[in-house]
Amino acid sequence: NSLIEFILYHAIYIENNLEFSTNRNHKYLLDLLGLASAGLLLNNSTYGKKIFGFAAEGFEEEIRRQVYRDGVTYERSVPLHFLMLECLYLAKIILEKGRHETSDGFNFLLQKMFEAASVYLRNDDTVPLTGDSIPGRILSFKSSVNRFNYSYVMPVGSYLFNNNEWKINGKDFTAELIFLSGLKSFNIYTNLSPEKENIKSIALNEGNHYILRSEDIHLFISAD
C-alpha cells in the first residue's frame, strides 16, 4: 500500500545518503534511527531485516564513539545532549520491540547520559546554552509556547532504569511514555516513590563539564 511504499522509499534514500564520516555526529544517529524505525515496520521483508540489523549494529558502535563514559557527548553541547539522548532511548525502545536486546555497554552509557541530563537541568527546566543550541525534539505530544522544556527526557529514564530521583526531575508523567512503552510503563512509573534528589556539585571529567549546585545555585563550567 501507499504507506509502506512511502516508508520504503524513505528508507532507501536514507540508506544511500548516510551522513557517515570519520567524525560522525548526531546526524548519523538520526539516520540510524530512521532505518531502525523503517526496519521494524518492514520486518516481514528481507530488506526490512537488513536495515534493522544494520541500525542495531550501528547504534552499538556509535554510542561508544559519541558518548564518554561519564555520559557527556563528544559534541559537548548541552542542548544537543537532550536530542541525542532522545534519539538513543528511542533506539533502545525500537530495537527491543524488534526483539534485539541492547547490550550492557549500550545501557550503561545510556544511563550515564540520563545522569548527565539530570545535573544539566535547572529548577526551571532550562539548561546551560553551551555549544550548538539545538532545542529539538524527535517525538513531541506537547508544545511549549513560552520556552523549551528540557525535562521531557527524565520520565523515560526514570521508567527505563527504575530511578525515582529522575521522577522528581521529570515532573508530570508524559503522554510520550505511554505511546512508546504502553500502559505497563504507566503502572511502573506511577508506582515509583518520588525521592528528593541529593543536590550536590558534579564533575564530569571526561567531558570536561563541571556543575556547581546547591538549593539556590546552578553554575556550569565547560573546561575546553
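A residue is buried when its relative accessible area is under 20%, exposed when over 50%, and partly exposed in between, using a 1.4 Å probe on protein chains only. Thr73 has 1% relative accessibility, so Thr73 counts as buried. The model is predicted, so local features need pLDDT of at least 70 and side-chain atom pairs count only at pLDDT 80 or more, while totals for chains, interfaces and linings use all residues. Residues are numbered from 1 along each chain as its sequence is written, and side-chain values use heavy atoms, with hydrogens and water left out.

- Helices (H or I, at least four residues) and strands (E, at least two) are DSSP runs, numbered from the N terminus.
- Thr73 lies in the loop between helix H3 (46–66) and H4.
- Contact means heavy atoms within 4.5 Å.
- Apart from neighbours within four places in sequence, Thr73 is in contact with Gln66, Val67, Tyr68, His81, Met84 and Met113.
- Pro155 is found in helix H6.
- Pro155 has a relative accessible area of 0%, so Pro155 is buried.
- From Pro155 to Ile4 is 151 residues in sequence and 32 Å in space, C-alpha to C-alpha.

**The nonpolar core**

- In soluble globular proteins, nonpolar side chains tend to be buried together.
- A nonpolar core is a set of buried Ala, Val, Leu, Ile, Met, Phe, Trp, Tyr and Cys residues joined through side-chain atoms within 4.5 Å.
- The largest one here has 58 residues, and Phe59, Phe82, Leu88, Tyr89, Leu110, Tyr120 and Val153 touch the most other members.
- At least two residues of this core come from each of helix H1 (2–15), helix H2 (26–41), H3, H4, H5, H6 and helix H8 (175–181).
- H4 gives the most, with 14 residues.
- Leaving aside neighbours within four places in sequence, Leu110 is in contact with Ile63, Leu85, Leu88, Tyr89, Lys92 and Phe161.

**Helix H3**

- The expected span of a helix is 1.5 Å times one less than its number of residues.
- H3 has 21 residues and reaches 30 Å from its first C-alpha to its last, close to the expected 30 Å.
- Its buried residues include Tyr47, Ile51, Phe59, Glu60 and Gln66.
- The buried residues of H3 pack against H1, H2, H4 and H5.

**Aromatic rings**

- Rings of Phe, Tyr and Trp (its six-membered ring) pair if their centres lie within 6.5 Å; planes under 30 degrees apart count as stacked, over 60 as edge-to-face and the rest as tilted.
- This rule gives 9 aromatic pairs.
- The ring centres of Phe82 and Tyr150 are 5.2 Å apart and the planes stand at 65 degrees, so this pair is edge-to-face.
- Phe82 is in helix H4 (residues 78–97), and Tyr150 is in the loop between helix H5 (104–120) and helix H6 (154–160), 68 residues apart.
- Both Phe82 and Tyr150 are buried.
- Phe114 and Phe161 are also edge-to-face, at 6.0 Å centre to centre and 65 degrees between the planes.
- Both Phe114 and Phe161 are buried.
- Ring pairs link Phe82, Phe148, Tyr150 and Tyr152 into a cluster.

**Charges over rings**

- A charge sits over a ring if NZ of Lys or CZ of Arg is within 6 Å of the ring centre and within 35 degrees of the ring normal.
- Arg137 lies over the face of Tyr152, 3.6 Å from the ring centre.
- The charged end of Lys167 sits over the ring of Tyr189, 5.1 Å from its centre.
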